[in-house]
Each structure stands twice: as structure tokens, then as C-alpha cells.
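Me: I would like to learn how to read a protein model feature by feature. Could you take me through one, giving the general idea and then the case at hand?

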Amino acid sequence: MTVSIKSILAGEVPAGIYRYQGRAKPETLARLAEAVGWRFFHLEGAAIEGKAALIDALAAAADFPAYCGRNWDALEECLRDLSWAPALGYLIVWDDARVLAQADPQAFAIALSIFNTAARYWEAQGQPMTLLLRRAGRAEITA
């Protein structure tokens, strides 16, 4: 399912993981998200070919604390904490997601599961978290 940024930020679609085909620049998406009190995190996926690269990219994008480890459990904990990044909602755009999906399908599937768990957690807190996968290729988008 594909969605629009406006429908996400307006709360018209449930939080979760979606394909995104929009061509807006990350800076534009950040401005739209920030205008409604959301935090925006961008992952440039062209260089994300494995677990460590994904965790490093997300840690940099979301400004994870130094204590965040480079393992799946730490990634999930940090995505469910975000106390250093308070917001009404969270929008993550992962460009070129197909790179990890093709290079390491298992890591891609685990990452989507972690994002889905974090999205469900934040939804229960009344704060949506949405991950948009841009240029995901034929990757399976289930979590």
C-alpha cells in the first residue's frame, strides 16, 4: 500500500510501514513533518548493505545516545525510547531500501519487524510512528 505524506501527518492512515513513491526531497519532508510537531529521520539506503550499516545510519539520523549498542535489541530499545527526541509523532523515510533487501534479506526482514514493533508501541502511547520505504524494489513489506 502506498500513502501520501499529507494523509500520514493528518492521521488519516494508521501508523506503520508503507511504500512511498513521492519524489519530495528529504528537506521538504522534514519541513512538513516538523510543521505538525513530528520528528523526521532520513535514511539514505544506498550504502546500507547490512545490519551494522543500518543501525549506524539510524543512530546518526535519530541522534541515538552513545550508549545505544550495535545490535537488534539495542535498536529496538532506542526506537521505543526516543526520550531525547520528543515529538507528537515520528516519520522515518528510508530511501533505496531495496539495497538492504537485496544484500541481506534476513536483516531487512528483522529491521522491518523492529520498526513494526516500535510503531505499535508508539501508537499505544498516542504518538504515531511511520516508516516509509522509498525505492524498495520488489522487497516484501510485511512485519
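**Aromatic pairs, a helix and a sheet**

Reply: The structure holds six aromatic pairs, and since the model is a predicted one, every value we discuss is computed from predicted atoms.

Me: How is the pair of Trp94 and Phe115 described, in distance and in angle?

Reply: Planes under 30 degrees apart count as stacked and those over 60 as edge-to-face, with the rest called tilted. Trp94 and Phe115 are 6.2 Å apart, centre to centre, with 50° between the planes, and therefore count as a tilted pair.

Me: Which parts of the chain does the pair of Trp94 and Phe115 tie together?

Reply: Trp94 belongs to strand E3 (residues 89-95) and Phe115 to helix H6 (residues 105-124), so the pair joins parts that lie 21 residues apart in sequence. Both Trp94 and Phe115 are buried.

Me: Why is the pair of Tyr121 and Trp122 called edge-to-face?

Reply: The ring planes of Tyr121 and Trp122 stand at 80°, with the centres 5.3 Å apart, so this pair is edge-to-face. The two residues can also be read by accessibility: Tyr121 is partly exposed, at a relative accessible area of 27%, whereas Trp122 is buried, at 7%. Ring pairs link Tyr121 and Trp122 with Phe41 and Tyr90 into a cluster.

Me: How does the span of H6 agree with what its 20 residues should give?

Reply: The idea is to set an expected length against the distance between the end C-alpha atoms. At 1.5 Å a residue, the 20 residues of H6 should span 28 Å, and the end C-alpha atoms are 29 Å apart, which agrees. After H6 comes Gly126, whose phi is positive, near 80°.

Me: Which residues of H6 are buried, and what covers them?

Reply: Buried residues of H6 include Ala107, Phe108, Ala111, Leu112, Phe115 and Trp122. The cover over the buried residues of H6 includes strands E1 (16-19), E3 and E4 (129-134), together with helices H3 (51-61), H4 (72-81) and H5 (98-103).

Me: What is the order of the strands in the sheet, and is the pairing parallel or antiparallel?

Reply: Strands of a sheet pair through backbone hydrogen bonds, in either a parallel or an antiparallel sense. Here four strands form an open sheet in the order E1-E4-E3-E2, and the pairing is parallel. E1 and strand E2 (38-44) stand at the edges with a single partner strand each, so one side of each has no neighbour in the sheet. From one strand to the next, the twist averages 15°.

Me: How many bridges join E3 and E4, and what packs on the sheet?

Reply: E3 and E4 pair in the parallel sense over six bridges, and Val93 has Leu132 in E4 as its bridge partner. Helix H3 packs on the sheet, where it touches E2 and E3, and the direction of H3 makes about 145° with that of E2.

Me: Is Thr130 buried or exposed, and what does Thr130 touch?

Reply: Thr130 is found in strand E4, and at 1% relative accessibility it counts as buried. Leaving aside residues up to four places away in sequence, the contacts of Thr130 include Ile8, Tyr18, Tyr90 and Ile92.

Me: Where is Ala87 found, and what does Ala87 touch?

Reply: Ala87 is found in the loop between H4 and E3, and at 14% relative accessibility Ala87 counts as buried. Not counting residues up to four places away in sequence, Ala87 touches Gly37, Trp38, Arg39 and Gln127. Ala87 and Pro128 lie 41 residues apart in sequence, with their C-alpha atoms 9.6 Å apart in space.

Key
Residues are numbered from 1 along each chain as its sequence is written. This is a predicted model: local features need pLDDT of at least 70, side-chain atom pairs count only at pLDDT 80 or more; totals for chains, interfaces and linings use all residues. Side-chain values use heavy atoms; hydrogens and water are left out. Rings of Phe, Tyr and Trp (its six-membered ring) pair if their centres lie within 6.5 Å; planes under 30 degrees apart count as stacked, over 60 as edge-to-face and the rest as tilted. Helices (H or I, at least four residues) and strands (E, at least two) are DSSP runs, numbered from the N terminus. Buried means under 20% relative accessible area, exposed over 50%, partly exposed in between (1.4 Å probe, protein chains only). The expected span of a helix is 1.5 Å times one less than its number of residues. Contact means heavy atoms within 4.5 Å. Two strands pair if DSSP finds at least two bridges between them. Axes are lines fitted to C-alpha atoms, for helices over the stretch in contact, and angles run from 0 to 180 degrees between N-to-C directions.
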